[in-house]
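The tour goes from stop to stop, and each stop says what to select.

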Amino acid sequence: MPEIINLSIIGVAIRMATPLLLSSLGGVVAYRAGILNVGMEGMMLAGAFSAVVFSMTFGSSTIGLIAAGLIGLLAAMLTGLIYNRYKGDVFVIGMAINIGALGLTNFLMRSIFGTVGAISGSDIIGFPKIEINAIKEFPVLRDVFTGNPILVYASWGLVLITFVFLNHTRVGLNLRAVGENPEAAAAAGLNNSWYRYLGIALSGISSGFAGAYLALGQLSMFTENMTAGRGFIALAIIIFGRGTAEGALLGSLLFGFAEAVAMQLQGASTVPPQFVLMIPYVLTVVALTIFGVGRSRRLST
Amino acid sequence: MNNGLRLLISSLIPSVMAAAGAFLIALLFVVFVRQDPSVAFTALLNGGFVGTQNIANTLMKATPLILTGLAFTIASRAGVFNVGAEGQLYLGAFFSTITALSFSELPGLALIPISILVGAFVGAIWAVFPTYLKLRFNVNEIISTIMLNYVAILFTSYLVNHPFKAKDAQFPATEMIPDQAFLLRLLPPSRLNMGFLIAIALVILLWLLLFKTIWGYDFRHVGQAPYFSSYIGISLPKTMLSAMALSGAIAGIAGAIEVLGVHHRFLDNFSPGFGFTGIIVSLLGKANPIGDLVGGIFLGGLTQGALMMELNASIGRELVDVIKAVLFISLAAVEAYKPIIHLFSDRKVKAQDA
């Protein structure tokens with residue numbers, strides 16, 4: 001048993017938590033504007049795909065990241081348009097985005113790259129990793145602060161920014177007013193559509209970034225349906241984190257840790273891999289059951 | 001034009017327009033990947049809807065889609081979103097396989113219905129569980145049913161890779177079920193089978209249930225006005241639970257039919273997202289069982305046609321997933337069709353619509 005749990009698990013947990021944290025932070029803003037963005041899974045997948053394609057084409061992981069954010073934004077604007085203008089159900093639009101992203105990425109993978117299943121190769125430039133030689137001697141510090149892309153630490157900064165935005169800025173407070181009581185907000189002269197667009201846009205960009213991290217953060221490749229439900233887990237994190245930035249951080253770390261344990265179990269034990277892979281999904285349902293009482297509201301009408 | 005006809009036409013407009021739009025955008029993608037659209041679409045439509053064997057295969061592929069469409073319809077009519085049909089279908093398929101294998105001495109006339117019913121029962125349980133969590137703990141059913149899909153797929157994958165793997169199989173699959181449990185093939189060599197007729201029977205039954213019984217009236221009432229319903233004495237939890245049980249049972253039957261009619265054994269990861277396509281079918285069919293039948297055959301035809309297109313025009317069958325997605329997104333934009341619908345409806349019909 002001692003080999004199963006060791007300190008390097010902290011580093012793995014942080015890496016696994018990052019995509020969840022990135023997408024749930026944007027999703028928190030959308031949630032507070034009154035929208036549970038069910039399409040984050042698809043936006044993340046589209047982000048991962050474009051990150052790989054653009055990183056490969058332009059030889060730059062930064063361009064890959066920007067492309068991922070833009071594709072997330074594009075899907076988000078489509079969501080916002082259909083929701084605000086054409087009164088679509090947010091759940092239906094989100095599922096459409098998810099199925100669309102899966103279909104499009106598979107179609108383009110086959111048509112452009114002639115491959116089925118995965119795009120990989122040395123011409124996909126991954127995110128550079130931070131290495132600080134001075135702390136390489138110290139176990140926990142080393143695991144946390146070296147060997148990770150900047151995006152990992154940027155996501156921690158985003159927690160703070162999201163917290164301040166939602167609690168201490170005029171735009172953030174207005175956005176929450178729109179989410180909590182749209183009629184009153186409109187009566188007070190706020191443009192509800194505008195705040196909803198803002199919330200959805202941020203969740204789209206952040207999900208795109210989360211996808212870019214998945215694709216370029218560690219292995220520099222794209223595989224079919226590589227998000228594997230992370231967008232939905234991020235939704236669960238938003239709900240049981242009560243729609244707060246700090247809740248998103250805690251929830252993401254919880255899931256990151258669970259995934260890290262699962263990965264170590266997979267390497268080291270006789271437990272069938274299917275049960276290990278099940279852990280995050282079961283944990284999502286359990287977490288929603290324990291923490292979700294009284295908060296899960298269906299926001300679409 | 002009389003009012004009934006006007007209403008019918010105006011209710012068909014969104015589906016028809018969405019389908020046209022989806023084809024148009026798919027055409028752009030075909031041009032984008034530098035292929036000839038006329039070759040592609042001829043192959044697609046011929047492959048799906050021309051020739052006895054192609055049509056038979058279309059109906060074979062439509063069968064699970066009609067059923068998952070019905071599953072989504074019946075739950076959404078009662079105001080619950082069952083995104084878990086995929087998992088319910090997997091569990092239904094697996095346990096109906098095990099039933100057929102365990103009682104192999106029974107005659108087909110008993111074994112087939114028993115296997116299908118076990119599939120339905122397991123599917124129902126897997127749908128009732130998240131509904132219970134929703135009612136008791138306020139767990140969002142969209143997320144929980146999606147999570148339970150992964151759990152069901154992984155669980156059946158474990159079962160078929162380890163305890164129930166056939167001895168001589170090169171890939172994860174159970175033993176073949178006994179011959180007498182096979183559903184009759186209607187037009188061999190196509191794998192179209194009696195399952196299609198079962199699907200049609202369920203379409204009719206559910207249409208009757210929804211529109212001609214008090215039970216169905218309760219369903220629709222809860223879906224449209226939950227608070228008012230409980231005020232007039234319809235039990236909200238009871239209605240939601242029974243709608244979801246029915247929905248899960250239908251998804252389970254879809255899985256059972258895939259085993260008994262098509263594969264004759266349980267295969268790991270056998271469903272290419274039937275459960276999710278069912279949502280599109282239901283939206284295309286305007287949450288009406290008869291619409292699900294039409295929508296299921298349409299999407300089944302595209303799936304079948306896509307195989308032919310891949311063979312004859314070297315365009316990946318994934319193009320159909322793009323068509324599906326555009327269809328789905330266009331159908332979500334409910335108000336986009338209002339101006340066109342108004343061209344077909346006079347004031348009186350508009351008042352009824354509102």
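How many other C-beta atoms lie within 10 Å of B:Asn138, and is B:Asn138 buried, exposed or partly exposed? Select B:Asn138: with 17 other C-beta atoms within 10 Å, this residue is partly exposed. The term has cut-offs: a residue is buried if 20 or more other C-beta atoms lie within 10 Å of its own, exposed if 12 or fewer, and partly exposed in between, with C-beta atoms placed from the backbone.

Before moving on, note that residues are numbered from 1 along each chain as its sequence is written, while chains are lettered from A and ligands numbered from 1 in the order in which they are written. The model is predicted: local features need pLDDT of at least 70, side-chain atom pairs count only at pLDDT 80 or more, and totals for chains, interfaces and linings use all residues.

Stay on B:Asn138, in the loop between helix 5 and helix 6 of chain B. Its phi is near 60°, a positive value in a residue other than glycine. Helices (H or I, at least four residues) and strands (E, at least two) are DSSP runs, numbered from the N terminus.

Next, select A:Lys87, in the loop between helix 3 (61-84) and helix 4 (90-113) of chain A. A:Lys87 is not a glycine, yet has a positive phi of about 55°. A:Lys87 is partly exposed, with 15 other C-beta atoms within 10 Å.

Within chain A, select helix 7 (residues 170-180) and helix 9 (residues 192-216). They pack at an angle of about 105°, with their axes 9 Å apart. Axes are lines fitted to C-alpha atoms, for helices over the stretch in contact, and angles run from 0 to 180 degrees between N-to-C directions. Helix 7 of chain A is therefore roughly perpendicular to helix 9 of chain A (65 to 115 degrees counts as roughly perpendicular). To see where they meet, show A:Asn174, A:Leu175 and A:Val178 of helix 7 against residues of helix 9 including A:Tyr195 and A:Leu198.

Which elements of chain B give two or more residues to the side that touches chain A? Select helix 5 (108-137), helix 6 (141-161), helix 11 (274-284) and helix 13 (319-332) of chain B. In total, 38 residues of chain B are in contact with 41 residues of chain A (C-beta atoms, placed from the backbone, within 7 Å). Helix 6 of chain B gives the most to this side, with 12 residues.

Move to B:Pro189, in the loop between helix 6 and helix 7 (195-212) of chain B. A cis peptide bond joins B:Pro188 and B:Pro189, with omega about 10°.

Finally, colour chain B by pLDDT, the predictor's confidence in each residue, from 0 to 100. Chain B averages 88, and 95% of the residues score at least 70. Among its elements, helix 4 (residues 85-102) has the highest mean pLDDT (96) and helix 15 (residues 347-353) the lowest (46). Over residues 347-354 of chain B the pLDDT is below 50, and this stretch has six contacts in the model beyond near neighbours in sequence.

Note on methods. Contact = placed C-beta atoms within 7 Å. Parallel < 35°, antiparallel > 145°, perpendicular 65-115°, else oblique.
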